[in-house]
Amino acid sequence: MKIIVTGGAGFIGSAVVRQAVREGLEVVNLDALTYAACLDNVASVSNAPNYSFVKCDITDRAAVDAVFDEHAPDAVMHLAAESHVDRSIDGPGAFIETNVMGTYNLLEAARASWAAQGKPEGFRFHHISTDEVFGSLGETGQFTEDTPYDPRSPYSASKAASDHLVRAWHETYGLPVVLTNCSNNYGPFHFPEKLVPVVILNALHGRPIPIYGKGENVRDWLYVEDHADALLTVLRRGELGRSYNIGGENEARNIDLVQMICALLDRMQPRESGSYADLITYVTDRPGHDARYAIDPTRISTELGWRPSVTLEQGLEKTVRWYLDNEAWWRPLLERDGVGNRLGTKA
Ligand SMILES: NC(=O)c1ccc[n+]([C@@H]2O[C@H](COP(=O)([O-])OP(=O)(O)OC[C@H]3O[C@@H](n4cnc5c(N)ncnc54)[C@H](O)[C@@H]3O)[C@@H](O)[C@H]2O)c1
């Protein structure tokens, strides 16, 4: 099977690329290499005969068409996106361009390619989305696949729009699609502007560890390699036109997550005195910060037999170990535009 993976130089896309190449799929990694990309993420597979890379911006319809013409894929796994909520608050335009218009371009290119190939039944357009499209939960309840959409940030609104386009292309044109909406990922190769790497790297530098608001926002944390495994499971066995929620079965308040990371660092690389938790500093909350996300994973577990393989404790330990061992990966990324600065304050 030949798949085009969009956003394969990013955090989750690169985990998908690494696993898919290892499993013997023919992988074309399509990525524009924005500030969030890093080709080192796929260095472990980049010499494999079943891997290739093409630099392409999904907002450029002609360029996307050319890639599909050249490769005639059996499937597309669409992960390319602007993905940082704080950046979407300061500059929503890029989120509309890439997440909405880019998805439209891909759908049209995929539809043309699928038609040119004689509309094979096995063709798949797999759209990778987020649980943030469902909005914010109170203290109880979980998102199911039938939860009404209620996006509240420019990022989640742009992802919700792209989900609607994908469903419409299935209903209207019969394009064989599957969708997934997953919770917060963490793990190796996570760009150092997101919460988990910010905590680890600020701690290691002895800098304040910022917690938005009171740190009571709850997220369901999913280890990125488990997510990649779930995505490949849905690609192969998901029912056409259906969406699957993917969670880690690991709900935690931000403050508890940060305390867990500090405790791991205290054990694995102790400070000269005191705990890393002494660096925790409460800062002004993000505007419109969703209180709680939680995933009901019943559909993917009962229909496809998929469950996460690690607990939050196990996944965080692997992640902290990885950052301790891979300074050569993260050090240069700290110089990229906006990294290390408080973003999302322009509301
Ligand atoms: N990170 C999470 O916790 C999370 C949770 C749920 C869903 N998602 C979704 O998963 C996908 C991947 O997320 P991520 O965290 O790996 O993102 P990321 O920001 O780490 O990577 C995004 C990748 O897309 C590429 N890209 C951006 N704009 C592009 C364009 N116009 N053309 C081509 N490539 C472009 C970037 O260069 C980068 O390599 C996104 O669609 C995101 O919405 C992420």
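Helices (H or I, at least four residues) and strands (E, at least two) are DSSP runs, numbered from the N terminus. The model is predicted, and local features need pLDDT of at least 70, side-chain atom pairs count only at pLDDT 80 or more, while totals for chains, interfaces and linings use all residues. Residue numbers start from 1 along each chain, as its sequence is written.

**View A. Leu33 in the loop between strands S2 and S3.** Leu33, located between S2 (26-31) and S3 (51-55), has a positive phi of about 60 degrees although it is not a glycine. Leu33 has 14 other C-beta atoms within 10 Å and is partly exposed (buried means 20 or more such atoms, exposed 12 or fewer, and partly exposed in between, with C-beta atoms placed from the backbone).

**View B. Phe189 in the loop between strand S7 and helix H6.** Phe189 counts as buried, with 25 C-beta neighbours inside 10 Å.

**View C. The shell around the ligand.** The ligand is surrounded by 30 residues, of which Gly7, Gly10, Ala32, Ala37 and Ala81 are the closest (a residue is near if its C-beta atom, placed from the backbone, lies within 6 Å). Two or more residues each come from helix H1 (11-22), helix H4 (93-116) and strand S5 (124-130), and H1 gives the most, with three residues.

**View D. Helices H2 and H4.** The axes of H2 (residues 61-71) and H4 come within 9 Å and cross at roughly 35 degrees (axes are lines fitted to C-alpha atoms over the stretch in contact, and angles run from 0 to 180 degrees between N-to-C directions).
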